[in-house]
Amino acid sequence: MRTTIRGTGLATLTAVALMLTACAPRDEATTAQDDASPSADACDRDNLDTYSEGVLTIATDNPAYPPWFVDNDPSNGQGYESAVAYAIAEQLGFAQDEVEWAKVPFNAVVSPGEKKFDFDVNQVSITEERRQAVDFSSGYYDVRQAVVTTAGSAIDGASSVDELQDAKLGAQVGTTSYTAITDQIQSSQEAAPFDTNDQAVQALNNGQIDGIVVDLPTAYFMTAVQLDDGVIVGQLPQTGGEVEQFGAVLDLDSPLTDCVSQAVDTLREDGTLDELADEWLAQQGAPELS
């Protein structure tokens with residue numbers, strides 16, 4: 001039976017509108033790495049070739065932020081990605097005390113090279129470019145990008161992407177949030193890269209940038225907890241008809257990829273992902289920029 005640890009005070013900040021995003025239809029290109037489902041025997045716990053014998057090693061970044069994790073402690077089962085990771089582990093036959101966590105920086109996760117973990121959960125968007133270096137599971141969360149600022153800033157009250165054309169915007173380097181500034185918003189000012197979201201928040205508070213682009217749940221956390229007078233300008237429009245998704249990251253050609261994807265697919269089909277998103281990510285809606 002799946003054990004769910006109920007939300008802390010962070011969850012009380014939320015309502016249910018964001019579920020429309022979390023439950024959006026998946027694009028077929030971002031489902032399982034291979035259309036062929038693995039056999040049941042192949043995904044039996046005893047047949048899984050894990051990084052360390054007898055345990056499942058799951059990685060994420062440090063620090064690990066709400067609402068994805070709580071108290072910078074992935075092992076407590078609180079926060080959406082922590083809860084999803086343990087749900088995947090259960091599907092694979094591992095109890096919570098048979099999971100070990102590794103701290104791995106975001107850029108190291110998506111770069112080529114051997115991985116010292118079985119899979120990573122760290123808000124990593126599935127892209128074809130990244131698929132050249134790593135494997136992805138099926139998507140476990142459907143993403144929207146949002147723009148955050150402070151009350152009274154140059155972009156506070158903007159209602160369209162065009163109104164962001166002259167803004168100085170920043171995002172964590174190497175993320176799809178950063179790509180959204182350069183490719184979708186196409187601001188006339190160079191995008192400001194930051195190693196962490198904390199650095200971006202500090203720059204916004206110091207007036208060095210006009211706004212930050214992040215995924216929507218992180219935008220709500222920033223405006224509720226990290227920023228003085230923080231406001232969400234709005235969500236960026238979906239582009240190309242494809243739904244951006246977060247997926248678990250595995251070593252390229254990992255023997256576990258199909259089994260992790262099968263586990264994620266089961267969690268989506270039986271409603272577990274919806275339940276966990278409702279518990280940890282449901283938020284008041286933000287306007288969509290035209």
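## Close-up views of a predicted model

**View 1. C43 and C259 form a disulfide, with 2.1 Å between their sulfur atoms.** The model shown here and in the other views is predicted. The structure holds one disulfide. The torsion about the S-S bond of C43 and C259 is about -90°, so this disulfide is left-handed. The bond links distant parts of the chain, 216 residues apart. C43 lies in the loop between helix 1 (19–22) and strand 1, while C259 belongs to helix 8 (residues 257–269).

**View 2. The two cysteines of the disulfide are shown with their surroundings.** Are C43 and C259 buried or exposed? C43 has a relative accessible area of 9%, and C259 has one of 5%. The cut-off for buried is under 20%, so C43 is buried, and C259 is buried too.

**View 3. F69 and W101 form an edge-to-face aromatic pair.** By the rule used here, the count of aromatic pairs in the model comes to eight. In the pair of F69 and W101, the ring centres are 6.1 Å apart and the planes stand at 90°. Planes over 60 degrees apart count as edge-to-face, so the pair of F69 and W101 is given that name. Where in the chain do F69 and W101 lie? F69 is in the loop between strand 1 (56–60) and helix 2 (80–91), and W101 is in strand 2 (residues 99–103). This pair links distant parts of the chain, 32 residues apart. F69 has a relative accessibility of 1%, so F69 counts as buried.

**View 4. Y80 and Y140 form a tilted aromatic pair.** The distance from centre to centre is 6.4 Å, and the angle between the planes is 40°. Y80 is in helix 2, whereas Y140 is in strand 4 (residues 134–142). The two residues are 60 apart in the chain, and their pair links distant parts of it. Both Y80 and Y140 are buried.

**View 5. Ring pairs join five named residues into a cluster.** Which residues does the cluster contain? Its members are W68, Y80, Y140, Y141 and F246.

**View 6. The mean pLDDT of the chain is 87.** Of its residues, 85% reach a pLDDT of 70 or more. Over residues 1–34 the pLDDT is below 50. Beyond near neighbours in sequence, this stretch has 94 contacts in the model. Where pLDDT is low, predicted coordinates should not be read in detail.

Terms used. Residues are numbered from 1 along each chain as its sequence is written. This is a predicted model: local features need pLDDT of at least 70, side-chain atom pairs count only at pLDDT 80 or more; totals for chains, interfaces and linings use all residues. Side-chain values use heavy atoms; hydrogens and water are left out. pLDDT is the predictor's confidence in each residue, from 0 to 100. Contact means heavy atoms within 4.5 Å. Rings of Phe, Tyr and Trp (its six-membered ring) pair if their centres lie within 6.5 Å; planes under 30 degrees apart count as stacked, over 60 as edge-to-face and the rest as tilted. Helices (H or I, at least four residues) and strands (E, at least two) are DSSP runs, numbered from the N terminus. Buried means under 20% relative accessible area, exposed over 50%, partly exposed in between (1.4 Å probe, protein chains only). A disulfide is a pair of cysteine sulfur atoms within 2.5 Å.
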